Structure formats: C-alpha cells, structure tokens
Amino acid sequence: RPGTLPWPPCTPMNLGAPTNNAATAEKLGAGSLWVGDRLLAAVEPSVGYAGADTVPEQFRTSLDPFTALAVAAAATASGRLGASVVVAPWYPPVQLARQLASIDAVSGGRLLPGFGIGWSPEEYEAAGVPFARRGEQLDEVLDVLDALWSSGGPVTYNGERWSVPPSWVEFKPVQRPRPPIYLGAFTAAGLQRIGRRADGWLPAVLVPGGVRPDALHRHRRIIDDA
C-alpha cells in the first residue's frame, strides 16, 4: 500500500451497538475501525455483487457511514477511523468535505477517508446520480475536496457536474494539508487513478477461496506504473 502509515488490525463496523462495538474493539487492540457504504439492495439487480447475479443479504441494512464514524470518534481515543469505501459520486462534495472535516476534528485527526465508485446502477438511480462516467465524477469530488481542504484563501471550482463560487471555507480538517486519501478500484482506469491521485490503496479479496496474490501484484504494478 502506498504511503507511510502502518497497516493496523482492522475491525469492520456495521450493525449492533456502534458505541460499544468501537470501544470494545479498541480495548481489544484494534488499531483501526472501518465502515462501508450501502444505500439499498435491489431485489432484481441489473448488476450483482462481485460477479454474482445477486446482492448479499447483509447489504439490506447498513448504518450511515458518517454517523458510524462520528460515533466511533466519540467512543475511542486512538484508533484510526476509515471508510472502505464511501461511494463518492453519491454526495455533493462541499457537504462531503464538511462532514469528513467534522469527523477529523472531533476525532483529533484520526480520519482515513477512502473512496470508490460503487457498482450498483440501482443505488445510483436511488441517489439521483448518473451511473455513467462515475470515474470522472470521482475525480471531480477529489478536486473539490482538495480545493476546500488545502486552500488558504477563497475557494472556487468550476467542473462539469459541480461548481463552487468564490467562497470562504475556513473550517479545515485537523490533518494538514488534508487527511490522506485512499481509493479502492479493480479496473485498469481505477487502478491508474490510485497511482496518480491517492495516498493509499484499498485492495480487496473475497474469502474464503478468493485470495489471489498474483492478481494483487498485477494491480499493484498498474498503480506503481501510474
């Protein structure tokens, strides 16, 4: 994984009592806690999950990732708080920047924001967001976050989907110049984006039976070349 941060033990957070779960996980030695991002599970998905023609039953119920991270920030003292991944094109980037900067502030600079583009056309439809060219939408989100978090003066942005008029946005994350950006992807274009733009890579494998080091090495070479 690119970057200098250590790779700590991970505990995914989803359902149950998030305050107790987060505090207990940290007490047991977890160095980081991670959330995912699901809106819904289509009954008849046009694209299934991970090459299947269905969506896993556990995707039918999911906490809001920002709420879960805020609760974990209040319930823990040292663990890093990550997202693997927030589906960035679903969210207006100005609001997304404020939400994530708030979590970084209340956690004392422990946020590890991870982004991706998702895979479900039905979730995009429900979010009111075009499914096509979602990689380009992610690039725009990253551009806006960088402008909002890193700029020392008035912020302005003019993109294809989003625009920010010249504005003062002085609330910044604790981590300067911004929190490290992690990205997850499987396609060549997505992996090249990681190499060009990300501070860290969020690889994924299916267990049991789906762990393929050769594929991970191939993906890493694409990232490194970019």
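F131 is partly exposed, because its relative accessibility is 26%, and the range for that class runs between 20% and 50%. Keep in mind that this is a predicted model.

Who is the partner of F131 in an aromatic pair? It is Y124. The two rings sit edge-to-face. Their centres are 5.2 Å apart, with 85 degrees between the planes. Now look at Y124. Is Y124 buried or exposed? Y124 is buried, because its relative accessible area is 0%, and buried means under 20%.

How many aromatic pairs does a search of the whole structure find? The search finds 6. One of them joins F66 and Y91. That pair is edge-to-face. The distance is 5.2 Å centre to centre, and the planes stand at 85 degrees. Where do these two residues come from? F66 lies in helix α2. Y91 lies in the loop between β4, residues 86-87, and α3, residues 93-106. They are 25 residues apart, so to speak of this pair is to speak of a link between distant parts of the chain. Both F66 and Y91 are buried.

F66, W90, Y91, Y124 and F131 form one aromatic cluster. Find F131 again on your screen, and you have one of its members.

F66 took us to helix α2, so stay with that helix. Helix α2 covers residues 65-75, and helix α1 covers residues 18-27. Their axes come within 9 Å and cross at roughly 50 degrees. That angle makes α1 oblique to α2. The crossing is right-handed. Which residues make the contact? From α1, they are P18, T19, A22 and A23. From α2, they are V71, A72 and A75. Sort them by class. You get 6 nonpolar residues, 1 polar residue and no charged ones.

Last stop: L111. L111 is found in strand β5, residues 111-112. Is L111 buried or exposed? L111 counts as buried, because its relative accessibility is 0%. What does L111 touch, leaving aside neighbours within four places in sequence? The contacts are L69, R80, L81, L100, I103, D104, Q175, P179 and P180. The C-alpha atoms of L111 and S62 are separated by 20 Å. Along the chain, those two residues are 49 apart.

Methods: Residues are numbered from 1 along each chain as its sequence is written. This is a predicted model: local features need pLDDT of at least 70, side-chain atom pairs count only at pLDDT 80 or more; totals for chains, interfaces and linings use all residues. Side-chain values use heavy atoms; hydrogens and water are left out. Axes are lines fitted to C-alpha atoms, for helices over the stretch in contact, and angles run from 0 to 180 degrees between N-to-C directions. Helices (H or I, at least four residues) and strands (E, at least two) are DSSP runs, numbered from the N terminus. Angles under 35 degrees count as roughly parallel, over 145 as roughly antiparallel, 65 to 115 as roughly perpendicular and the rest as oblique. A crossing is left-handed if the near helix is turned anticlockwise from the far one by less than a right angle, and right-handed if clockwise. Contact means heavy atoms within 4.5 Å. Ala, Val, Leu, Ile, Met, Phe, Trp, Tyr, Cys and Pro count as nonpolar, Asp, Glu, Lys and Arg as charged, and the others, Gly among them, as polar. Rings of Phe, Tyr and Trp (its six-membered ring) pair if their centres lie within 6.5 Å; planes under 30 degrees apart count as stacked, over 60 as edge-to-face and the rest as tilted. Buried means under 20% relative accessible area, exposed over 50%, partly exposed in between (1.4 Å probe, protein chains only).
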